[in-house]
Amino acid sequence: MSDYEVIIIGAGPGGYVAAIKAAQHGKKTAIIEREHLGGICLNWGCIPTKALLKSAEMFEGFKHAKEFGLLADNVRADFPAVIKRSRDVAGQMAKGIEFLMKKNKVTVLMGTASFVDAKTLAVAKADGSSQQVTADNIIIATGHKPRTFPHLPVDGKQVVNYRHLLGNTQQPKSLLCIGAGAIGMEFGYFFSSLGTKVTVVEVLDQVLPVEDHEIAKVVEREFTKKGVTIKTGTKVVKLEQKADSVAVHLDKDGKAEIIEVEQVLVAVGFLANTESIALEKAGVKLDERGFIAVDANQATNIAGVYAIGDVAGKQLLAHKASFEGEAAVGHIVGHAQPVDYAQIPGCTYCQPQVASVGLSEKKAIAAGHKVKIGRFQFMASGKAKAIGHPEGMVKLIFDAEFDQLIGAHIVGYDATELLGELSLAMKLESTAKEIMETIHAHPTLSEAVMEAAADALGVCVHQ
Amino acid sequence: MIIEQLMPSKSPTMTEGTIVAWRIKPGDKVKVGDVIAELQTDKSVTEWESPDGGICAEIIIPAGDVALVNQVVAIFTTKAGEDIKEALTKAKAKNQKIAASISGAAPSVATPVATAPIAAPAPVAAKPSAPAALPKGVRISPVAAKVAAALGVDVRQVKGSGPDGRIVRRDVEAAAKSGSAKIGVAAGKPTKPKLKVLRPDGAGADVAMSPMRQIIGKRLLEAKTQIPHFYVSESIDAGALVAMREQINVLEGMNVTINDLIVRASALALRAHPKVNATFHGNSIKQYDSADISVAVAIPDGLITPIVTKAHAKSVKQIGEEVRALAKKAVEGKLQPAEFQGGSFTISNLGMFGISEFVAIINPPQVAILAVAGIKDEAVVKHGQLVAGKVMRVTLSADHRAVDGADAAAFLKTLRELLEAPATLLV
């Protein structure tokens, strides 16, 4: 008999949720973690960055205090204290996970796991000892690591990845972010708000390349207004490290440019964390991009071995990992519930924030939909005006045949908190009519959602 | 590079806007997000932030004037001193086209700013249509309800696959496809498409022969003129066949067609009649042990005959899956030569068009082809009684150099006996 019915490798948002779900189904469960409970999300990603961004946002607020009739002179950022608060928040969250594991009777094994065979794992502990455990089912949730490129050598000081930045003790005077995805844009916003001269370079032709083009344009405009230099359609050719700066060689349509900055953030691409777990001993196959190949139930090619979250590819999102964890456990206990990838929301937490679920306008058209689009500008929302954030819009995309909601995009203040109802609307197969006819409280930013649905039907009230 | 600045649409009802004031002039450098003008829309005066950066080269619509939404109001360039002559002509032509497209809504030249809001034409999508009244107690998503109304599906008969059995879109679409939950004519709208035959006169057309049509023409001309065809027809009582198909398709995942059953029956019959399962080569005839059946598939601008090899050794389910996979490949043009060259016998089925009967041209070097017509409700005599029955006519075209009338008749007799006792197709 095996030691455990389910073992999960990696205690990030995919792994620990899978562990709790397995335990709730009465399975004898263990989780192996080599560093911190909570994984990247709680320790180096989602949560600590949100803490940083809140500091930046409050600082922005003080800058505009006068517009609100408040006098706040001589407000400065204490950079090390800002970083410390972020680390403290992360620390508290990790403790919370420890409690959840205990409450659900999940055994936590601290150490580095590697396969001995498809049912056996060796756990190498920090004190040099090692232990072998067996399980009927093993869920791999080892996450990702930032991808490195030969021409962008990361040294952790001048050229860094997001993880180095979270431990920065000094605020750089200037920062260049390579990649205008969520990470590049969030750190760009954070450092720019605190007074760093920020440049964001993106090889594709818009910032936030996975988002709707119209939404991305709003973010680009707001960043530009804030003083961030945005360079889209631009390649980084090489980095030239000098004593106290880095010369970044850029190329836009054959036109060369060199920008000297104090620090460079490399935020382009990810790789699966698979190198230390000896996958080959279990015979688990990777896909052509180096992520673990799985089917709709997260099962790998080896029976009883599953993979979830970043290590299984697709979007690198904590909530996607959690739901894949549920799908894997569901398959183990006989209630398969594959993840619907068309309904995974994506959020970026710079201000204005960006939140979306479903198809962008261009993708909807490319997928053959005849679309009906509803827009509502926060400019016309009383609440947005009152709180001093009239920037941004709600853009809803419906399939014209039955008015089914197929894409929802919000850019604006705290947009990420507004998306939930649209994810629900999409899950419930709502049409523009139900969204429009749902009574939204006044005055709230969420009224913009209702108005955008009405706009799609040509009956908008306040625009 | 030339960048046209178009009159933006600030609201869904806005059709035109007045430039109250320009905040920029030719020669100014403009950054993304700079306010470039104040606009009077049908609702209010708003600031217009530039969506693009560049250098203002020319202002086309002066302050105080009105422009329709999407008309070019200014031209920016990315570099100073770019030639904009061509761009100006293009912009003016574009503006005229937009003005012409909105009949009766040509912009007044200098509307004073303070006029009352313009009564905008009603937006196109007036009132959202009311959904069809739903039977009480049916849990169904809004989209699924609309799809059901459009496709004439009775939602009371649909089984839901959503959370806790809620009916979602895919359930309604599946029900519509299988025809299992059609609303009666009285309840729903008739969904039969109208015949589109009445139309104004037009010109004829000269259509060039595609390479495929040329090959079809050449091969069939040879076949029809060189092969001494003869034809033998038979009526088959398909009542049991239709009933059995329905029984098989009760199983989840099964979607057997009449054609799959005919391929299977033909394969078995061919094994009993090797003279029909043959190819003709001038001085010799090659008889086959394996029934490798070519199935005629219509593809855009022609037809092709992919082959179900060893059909005698395959189940009805396997045959069906194979035929559909081959047909899909055929339509997509992805068939490999090995998948359509060869074959020992051909079936051409026009049953889906409901036709009564037809004869087919032999696909050389094969020596026979079976033409399958639709299944018709007809009066038949059974045990001396006139009863309602289902009749399917099949016609075998055979090459008299290889097959004699008696051979063809014997083959058809076997085929009929198999199809009229369809359980034989399942062993």
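1. Crossing of α3(A) and α6(A). In this predicted model, α3(A) passes α6(A) in a left-handed crossing. The two helices of chain A span residues 46-63 for α3 and residues 182-193 for α6. They pack at an angle of about 40°, and their axes are 9 Å apart.

2. From α3(A) come A:Thr49, A:Leu52, A:Leu53, A:Ala56, A:Phe59 and A:Glu60. α6(A) answers with A:Glu186, A:Tyr189, A:Phe190 and A:Ser193. Sorted by class, the contact of α3(A) with α6(A) holds 6 nonpolar, 2 polar and 2 charged residues.

3. A helix pair in chain B. Here α6(B) covers residues 258-272 and α7(B) covers residues 316-332. Their packing angle is about 115°, with the axes 9 Å apart. α6(B) passes α7(B) in a right-handed crossing.

4. Residues at the chain B crossing. On the α6(B) side are B:Asn259, B:Asp260, B:Leu261, B:Val263 and B:Arg264. They meet B:Val316, B:Ile319, B:Gly320 and B:Val323 in α7(B). The class count for the contact of α6(B) with α7(B) is 5 nonpolar, 2 polar and 2 charged residues.

5. The sheet in chain A. An open sheet is built from 3 strands of chain A, in the order β12-β13-β14. The pairing is antiparallel. β12 (235-241) and β14 (255-261) are the edge strands of chain A, and each pairs on one side only. From one strand to the next, the twist averages 20°.

6. Pairing of β13(A) with β14(A). Strands of a sheet pair through backbone hydrogen bonds. Strand β13 of chain A takes in residues 246-252. With β14(A), β13(A) pairs in the antiparallel sense over 7 bridges.

7. Chain A against chain B. The contact involves 19 residues of chain A and 20 residues of chain B. On the side of chain A that touches chain B, the elements giving two or more residues are α7 (213-226) and α13 (432-437) of chain A. α7(A) gives the most, with 5 residues.

Note on methods. Residues numbered from 1 in each chain as written. Chains lettered and ligands numbered in written order. Predicted model: local features only at pLDDT ≥ 70, side-chain atom pairs only at ≥ 80, totals over all residues. Pairing = 2+ DSSP bridges. Helix = DSSP H or I, 4+ residues; strand = E, 2+ residues; numbered from the N terminus. Axes fitted to C-alpha atoms, helices over the stretch in contact; angles between N-to-C directions. Left-handed = near helix turned anticlockwise from the far one by under 90°. Contact = placed C-beta atoms within 7 Å. Nonpolar A, V, L, I, M, F, W, Y, C, P; charged D, E, K, R; others polar.
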